[in-house]
Amino acid sequence: LAEGEAGRHLDYATTGPAWPPQAPPQLFDDLAAFWMESSLAMHALAVGKGALFFHFLQPNQHLPGSKPMTDDEIEVAITGGEPFAPHVARGYPLLRERGAELVARGVRFHDLTLVFEDTHEPIYVDNIGHVGPRGNEIIADAIAARIREDLAAAAP
């Protein structure tokens, strides 16, 4: 919980069902499994309705090596985000592993975590992971390219 929220009661609509208290690494493993199962369920629902389902793992600046950061971008995108960094560093590798499992199980999953690895211009607008217009453009282009590739591969 964010600072100041720990003592505040949050209702079910905000929190969802109670998650059994666990310590990492089991917590991260369970969350990654839940994430994967959710993707599989959405995939099955789409297939059952004759629709296509695509799943993209978004980039995050707290994933080591995901983007070269300028001093100015560090000030905006990293400073103050230190509480998020260990969770991203620990959780994202698990999501990427589960993403490979999703692909093996027929889900059109694409890992976009390194989409900014060669981008030297500022992209992130806060220390949580939100991107500005240029970041959205790069992500949209990557998504469109992956969808085109998937559809071309599936064409008769």
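I call a residue buried when its relative accessible area is under 20%, exposed when it is over 50%, and partly exposed in between, with a 1.4 Å probe and protein chains only.

**Entry 1: ground rules.** I am reading a predicted model, so I note that local features need pLDDT of at least 70, side-chain atom pairs count only at pLDDT 80 or more, and totals for chains, interfaces and linings use all residues. Residues are numbered from 1 along each chain as its sequence is written, and side-chain values use heavy atoms, with hydrogens and water left out.

**Entry 2: the whole protein.** I looked up the secondary structure and found five helices and two strands. Helices here are DSSP runs of H or I with at least four residues, strands are runs of E with at least two, and both are numbered from the N terminus. Along the sequence I read the pattern α-α-β-α-α-β-α. The C-alpha atoms fill a box of roughly 55 × 40 × 25 Å along the principal axes. Of the 156 residues, 33% count as buried. The accessible surface comes to about 9700 Å², and 60% of that belongs to carbon and sulfur atoms; such areas come from the Shrake-Rupley method with a 1.4 Å probe.

I also checked contacts, meaning heavy atoms within 4.5 Å. Among those with a separation of 6 or more, 71% are between residues 24 or more positions apart.

**Entry 3: H110.** I found H110 in strand β2, residues 108-111. Is H110 buried or exposed? H110 counts as buried because its relative accessibility is 14%. Its side chain makes a polar contact with the side chain of D150 at 2.8 Å. A polar contact is a pair of N or O atoms within 3.5 Å; within protein, one must be able to donate a hydrogen and the other to accept it, and residues adjacent in sequence count only if both atoms are side-chain atoms. Beyond its neighbours within four places in sequence, H110 is in contact with H55, F56, L57, R146 and D150.

**Entry 4: S39.** Next I went to S39 in helix α2. S39 has 0% relative accessibility, so I list it as buried. Neighbours within four places aside, S39 touches F53, H55, L102 and V107.

Entry 5: I147 sits in helix α5 and, at 25% relative accessibility, counts as partly exposed. With neighbours within four places set aside, I see I147 in contact with F54 and F56. I128 lies in the loop between β2 and α5 (133-154); its 44% relative accessibility makes it partly exposed. Apart from neighbours within four places, I128 is in contact with N60, Q61 and F84.

**Entry 6: the largest pocket.** Rolling a probe the size of a water molecule over the atoms shows where empty space is left. On a 1 Å grid over the protein atoms alone, a pocket is an open set of points where a 1.4 Å probe fits, with protein on both sides within 12 Å along at least five of seven lines, and lining residues have an atom within 4 Å of a point. Which residues lie nearest the centre of the largest pocket? Of its 18 lining residues, F28, L31, H87, V88 and G91 do. The elements giving two or more residues to this lining are α2 (26-48) and α4 (85-104).
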